[in-house]
Amino acid sequence: MGETLSRTVTQNPDLRSLECIRCGGHQPVGDHPRGCPSCLENGTPANLACAYVPRNGTSGVPLPYEGAPSLGEGGTPLLRADLGGDVDLRLKWEGANPTGSHKDRFSAVVVARALYAGYETVAAASSGNAGVSLAAYCARAGLGCEIAVADDTPAHVLTLMRDLGADVVSFPEAGLRWRHLAAYLGSRTVLPVTNVPVPPVGSSAFGIEGYKPLAAEILAELADRVPDWVVVPASRGDLVWGLYLGFREVCGTRPVPRLCLVEPFPRVAAVLRGDDPHGHFPGATAVMPSLAGNTVALQAVEAVRRSAGRAEVVVDAAAAAGTRRLWRSGLPLEPSSAAAVVAVDQACGSGAIAPGSVVVAVATAHGLKGM
Ligand SMILES: [Zn+2]
């Protein structure tokens, strides 16, 4: 089926190259799982971003590919969250996506890329949501799917991936999954779509484009009012960087919202204080596996810096308490997502977010998968 569908996928004719987010060098349109080759050689890996021919007077966000099978991703509601604070807080309810997380936006575009370029299988490292999402989109498109997981991945998540047709390979530690994906570099049949190098760069630049419509949807829901803050849970920062790219396009000459990156222990927060971004950041999380990892990708730091944003650390106990509170308010979020709401509370308490601000917290994933 993948071969038949590949004929329906088109590449945006305005897509002209991939541009390094660090050095600005351009690469031909293609798959670069290790990011910019020059920056990689210099020991400072950096992701690439899609560069399009500028079009004056057009609105909307360009995407690299169209015509792949959709499961109805995107267009999620922006819920008012009357949680007692003195800010106008909205939740971008990404749990309403087909497999219950924002990853469906990424999967739709990388699967389109895989079909367009003639790959047979998509491979990814995942702690859960991305794997389930990719498995569904690959199955829908008739592509093979291989998910590299860590041995501590919950059994019911593995069952979901396998029931959706994915091959699951398991490794004793999360970092080994990236080494496994590196074996597919240069393959003409298997496309790795999540991070490969260490230090990391992040996931496929094409997939990250799939997050841009979030910015357009948020602005539309707010009657074109640019929110003061958008609060985003992050590990390697695919989502926060995609949001930055989207807001940059839809805000025009106006400043983009300040992006508040949420993490379980200081990583980006440490880099913003002057730590080496290519270092190892000690810490762990037992309740937020989506936000785990001891490294930083440049794209996460850049999203915060370029938006004049900040990083907020939410520890496990606070995320767990916040999750319970949200469920009892009828908002079943996974702890990694509830952490965004906790971060808003903390940042309001410290004065980092001013009273009266319009704040959007991205509720990245539904909590039901974790039950
Ligand atoms: Zn570069």
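I began with a backbone angle: just after helix α11, Ala308 takes a positive phi of about 55°. Helices here are DSSP runs of H or I with at least four residues, strands are runs of E with at least two, and both are numbered from the N terminus.

A note on the source: this is a predicted model, where local features need pLDDT of at least 70, side-chain atom pairs count only at pLDDT 80 or more, and totals for chains, interfaces and linings use all residues. Residues are numbered from 1 along each chain as its sequence is written, and side-chain values use heavy atoms, with hydrogens and water left out.

**Helix α11**

I stayed with α11, residues 298–306. How many of its 9 residues are buried? I found 7, so I noted the helix as mostly covered. Buried means under 20% relative accessible area, exposed means over 50%, and partly exposed lies in between (1.4 Å probe, protein chains only). The buried residues include Leu298, Gln299 and Glu302. I then looked up what they pack against: α7 (205–209), α9 (238–250), β13 (258–263), α10 (268–272) and β14 (310–313). Contact here means heavy atoms within 4.5 Å.

**The zinc site**

Which residues hold the zinc ion? I listed Cys20, Cys23, Cys36 and Cys39, each through SG, at 2.3 to 2.4 Å. Donors are N, O and S atoms within 2.8 Å of the metal (3.2 Å for Na, K and Ca); water is not among the atoms, so sites may look incomplete. The angles among the 4 donor atoms run from 105 to 114°, and the site is tetrahedral. The ideal tetrahedral angle is 109.5 degrees. In sequence, the donor residues are spaced C-x2-C-x12-C-x2-C. Cys23 sits in the loop between β2 (15–20) and β3 (26–27), and Cys39 in helix α2 (residues 37–41), so the pair ties together parts 16 residues apart in sequence. Cys23 is partly exposed at 43% relative accessibility. Cys39 is buried at 3%.

**The sheet**

Next I traced the strands. An open sheet of 3 strands runs in the order β3-β2-β4, with antiparallel pairing. Its edge strands, β3 and β4, each pair on one side only. Two strands pair if DSSP finds at least two bridges between them. β2 and β4 (residues 48–52) share 5 bridges, and Cys20 has Leu48 as its bridge partner in β4. β2 and β3 share 2 bridges. Leu18 stands opposite Gln27, and Glu19 opposite His26. The β2 and β3 hairpin has 5 residues between the strands, and Gly24 takes a positive phi near 80° there.

Conventions
Four donors count as tetrahedral if all angles lie between 85 and 135 degrees; four count as square planar and six as octahedral if opposite donors are over 155 degrees apart and all others between 65 and 115; anything else is irregular.
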